[in-house]
Amino acid sequence: MLQHIVQLSRHAEWADRLLIGALDAATPAPADAVRELAHVIGAAETWLSRIQQRPARVAIWPSVSLAELVTLGATVHTSYAAYLATLTDAGLAEPVAYVNSAGLSFTNTVMDILLHASLHGQYHRGKVNLLLRQAGALPVPVDFIAFQRGVPSARTT
C-alpha cells in the first residue's frame, strides 16, 4: 500500500507544478485561484505536521503570492518525499492524535491522513481549474491517469 501512497504524493507534486504554471501564464493570475492552491499546499503541510507531531510551518489558508507559492510548494513536497522515504507499510497503521483547526481532538491512522490529504488536494485543484476557466484562462488537466500515462488528459476549452 505504501507504494500507492508514494504515487499519490508524486501526483500531487506534479499537479501542483502544472497549476502553478497555469496561474503564472494567466494574465493576471486570478487571486482566488492562487488562494485556493495555497490552501492545497497549506493544508498538506498541516496534515504532515500532525503526522510528525510538530507545529505547522504555514497556515491552512496561507496568504502568499504566486512566487511565494512556488517556494512553499517545493518545501512541502520535499518534506512529504523525505517523510515517505522513511515510512513503512506497518507505519501506515500507526495512530496519530491531533487537534484540528476548530480545536477538536481526533485520532486517525497515518494511512487515513495521507489518503485524506491526497483527496482533499485533488478536490481543491478542481476548484483552481474552475477559477482559471472563469477568469478566461486555460485550465490544466491534473487527472491521476494523465500523470500515470505521462500524457495529458483531454480537455475542453
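This is a predicted model: local features need pLDDT of at least 70, side-chain atom pairs count only at pLDDT 80 or more; totals for chains, interfaces and linings use all residues.
I'll start with Thr 46. You will find Thr 46 in helix 2, which covers residues 31-51. Is Thr 46 buried or exposed? Its relative accessibility is 7%, and buried means under 20%, so Thr 46 counts as buried. What is Thr 46 in contact with, once we leave aside its neighbours within four places in sequence? The residues are Ala 56, Val 58 and Ile 60.

Now the helix pair. Helix 3 is residues 66-86, and helix 4 is residues 110-134. Their axes come within 14 Å and cross at roughly 150°. Angles over 145 degrees count as roughly antiparallel, and therefore helix 3 and helix 4 are described as roughly antiparallel to each other. The crossing of helix 3 past helix 4 is left-handed.

Which residues make the contact? From helix 3 we have Tyr 80, Tyr 83 and Leu 84. From helix 4 we have Val 110, Leu 114 and Ala 117. Sorted by class, that contact between helix 3 and helix 4 has six nonpolar residues, with no polar and no charged ones.

A general point about spacing goes with this. An α-helix has 3.6 residues a turn, so residues three or four places apart point the same way. Keep that in mind when you look at the numbering in the contact.

Last, helix 4 on its own. Helix 4 has 25 residues and spans 36 Å from its first C-alpha to its last. That is close to the 36 Å expected at 1.5 Å a residue. Just after helix 4 comes Gly 136, with a positive phi of about 85°.

Notes:
Residues are numbered from 1 along each chain as its sequence is written. Side-chain values use heavy atoms; hydrogens and water are left out. Helices (H or I, at least four residues) and strands (E, at least two) are DSSP runs, numbered from the N terminus. Buried means under 20% relative accessible area, exposed over 50%, partly exposed in between (1.4 Å probe, protein chains only). Contact means heavy atoms within 4.5 Å. Axes are lines fitted to C-alpha atoms, for helices over the stretch in contact, and angles run from 0 to 180 degrees between N-to-C directions. Angles under 35 degrees count as roughly parallel, over 145 as roughly antiparallel, 65 to 115 as roughly perpendicular and the rest as oblique. A crossing is left-handed if the near helix is turned anticlockwise from the far one by less than a right angle, and right-handed if clockwise. Ala, Val, Leu, Ile, Met, Phe, Trp, Tyr, Cys and Pro count as nonpolar, Asp, Glu, Lys and Arg as charged, and the others, Gly among them, as polar. The expected span of a helix is 1.5 Å times one less than its number of residues.
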